[in-house]
Protein chains: 2
Amino acid sequence: MGKVNVAVVGATGAVGREMVKILEERSFPINDLILLASTKSIGESIFLKKKEYKIQELDENSFDNIDIALFSAGSKVSKKFAPIATKKGVIVIDNSSAFRMDSKVPLIVPEVNYQDIKKHNGIIANPNCSTIQMVVALKPIFDEVGINRIIVSTYQSVSGTGKEAIDELSLQSHQVLNNEKLTRKVYPHQIAFNILPHIDVFEDNGYTKEEMKLVHETNKIFGNSKIKITATAARVPVFHGHSESVYIETKKHISINKLKKIYLKTKGIKLVDDIDNSKYPLAIMSEIYDEIMIGRLRKDLFEPNGISMWIVANNLRKGAALNAVQIAEFLI
Amino acid sequence: MGKVNVAVVGATGAVGREMVKILEERSFPINDLILLASTKSIGESIFLKKKEYKIQELDENSFDNIDIALFSAGSKVSKKFAPIATKKGVIVIDNSSAFRMDSKVPLIVPEVNYQDIKKHNGIIANPNCSTIQMVVALKPIFDEVGINRIIVSTYQSVSGTGKEAIDELSLQSHQVLNNEKLTRKVYPHQIAFNILPHIDVFEDNGYTKEEMKLVHETNKIFGNSKIKITATAARVPVFHGHSESVYIETKKHISINKLKKIYLKTKGIKLVDDIDNSKYPLAIMSEIYDEIMIGRLRKDLFEPNGISMWIVANNLRKGAALNAVQIAEFLI
């Protein structure tokens, strides 16, 4: 493909806006750009390279003449409109969870399994934010020595929930600081100055869907690997950037020094690991860097093949919009 | 002992103030109460049962006629003044890390190992906050089926650092919300709306002292057990209450249902585990409940003896001051 016609579905959401921004930042070869959203956003505009793009209402005719559609408007919208788009020859890159575990749909993190992109039948799924940063960090280890076990606890920012959650954290923080009555709309409990061990809905096995995504998506991205994964997902009062405390057991031994050397030359990874100078990945650093940041690398004290680390990334960008645009770049 | 003479060393600190409050709440049988602090607090008063207690300067004569001294003024003060106090026949309950790993000093969480109190030689150590809540939660499992492995990631509030850290989180949050320039005194990085994977100083093995306390203190409290423990300690923008994501592997199998039944009848533990109604322990609940709160109990999907849980407690009260007063209650 040369220059392409691109549609962004859910263009006014937190991820959708990042998608448009990243298309511009990376000079994606766009011929025509169509920004789609639900009725309530009609009339809004987004500026790209100083050109105004009016938000258009998503309907069955939105995909005529489109080459690539980036979807980020939730599972329901994807389930309804992605098949309509693919029937018109559009390649859909879907950021919702609608098709991620569909065996006919590749689930792609370019740094990890770009070679699976070509298996698509019109739809390519973008993994969940907390999965993307973990698999990018673990891929060099997986390739080098194999991985048997992952135990991960997340510290996820509110921007993963959306714009209204950012507003809620901001408003509630103000209310707590000023001893005002608390208002609550988005989360089931106060998020300001609190921790919620609850992201997405609970499944029958006692885990949340967010936790199960870390299990299933990771194994699918690593080629139906059989890694034993245990996840706990928590929402923290942070605006941007997901942090993860990750413990792994490798199949064969790898030293921390060797691992650091590998990370230093791995594209897409930024090693931030200088504890003598209090340098380690911080959630707020994700507002500056697009790379997956890794630090606090240390050998387990009891398990010869155990390694602990701290992983931080921008959940809206590499965790969603940037990964989707990178997939689109592989297509053209 | 009947009514006793009690000294609180570090009475104006975050934990010291809680100690005084808890002595009152629990109607501890006090004859005389001496509140001690460093020079900079002289002139301040604390009111207890409407009686005014002036803060006195800590010196070598502070412990004359004292029966029990509760220390919470840091390791340096404990190392200097605890031996002076014990020479005068005072029993010292020390909240610092000065003597915790001393083999002649019992390290006590009454719910777990009250029987070790009698082994003291004048000093009894109070464990670190993050250890206390974990061992109380794990004790019933340890007794019932044994524990081989613990992997814990913490979400620790700023009150664990002290009063000035509470002020810093409050001020920085205000500054971020109002787009003002950030000021920083206590932590090496911004704590407002951020996560710091760094508590206490780093040791040569790459772990922080806070993480190593979870390893060493837990095994000492469980009677020199050989549990393999991996810890990651993180500071979160929360005022009060430490949360912990804990994964364990037991020696023998125990069902989640059986474990819940045990927790329901265990004193000092509050089971908050009703995911259908979004009920699980929250950091802010620690401002209401003194119990160790446990929830998100679930069986591992891969390890037959693996269990995950979420543990929350008030780090200043059960995590420090309350535990110390409970030890004092066992003494009298």
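Modeller: Two residues are in contact if their C-beta atoms, placed from the backbone, lie within 7 Å. The model is predicted: local features need pLDDT of at least 70 and side-chain atom pairs count only at pLDDT 80 or more, whereas totals for chains, interfaces and linings use all residues. Residues are numbered from 1 along each chain as its sequence is written, and chains are lettered from A, with ligands numbered from 1, in the order in which they are written.

The contact takes 47 residues from chain A and 47 residues from chain B. On the side of chain A that touches chain B, at least two residues each come from β8 (147–156), β9 (228–235), β10 (242–250), β12 (292–299) and β13 (306–313), and also from α5 (163–177); helices (H or I, at least four residues) and strands (E, at least two) are DSSP runs, numbered from the N terminus. By class, this side of chain A has 25 nonpolar, 17 polar and five charged residues (Ala, Val, Leu, Ile, Met, Phe, Trp, Tyr, Cys and Pro count as nonpolar, Asp, Glu, Lys and Arg as charged, and the others, Gly among them, as polar).

The copies meet through the same surface, because 100% of the interface residues of chain A are also interface residues in chain B. Chain A is superposed on chain B by a rotation of 180° with 0.0 Å of shift along its axis, at an RMSD of 0.0 Å (least squares on the C-alpha atoms of residues with pLDDT of at least 70 in both). That is the relation of a two-fold axis.

As to the setting, chain A has eight helices and 13 strands. Its radius of gyration, taken over C-alpha atoms, is 20 Å, close to the 20 Å of the globule rule for 332 residues, so chain A is as compact as a globular protein of that length; the rule is 2.2 Å times the number of residues to the power 0.38. The C-alpha trace of chain A spans about 60 × 55 × 40 Å along its principal axes. Of the contacts in chain A between residues at least 6 apart in sequence, 66% join residues at least 24 apart.

Buried residues account for 52% of the 332 residues in chain A (20 or more other C-beta atoms within 10 Å; exposed means 12 or fewer, and partly exposed in between). N121(A), in the loop between α3 (110–113) and β7 (123–125) of chain A, is exposed, with 11 other C-beta atoms within 10 Å.
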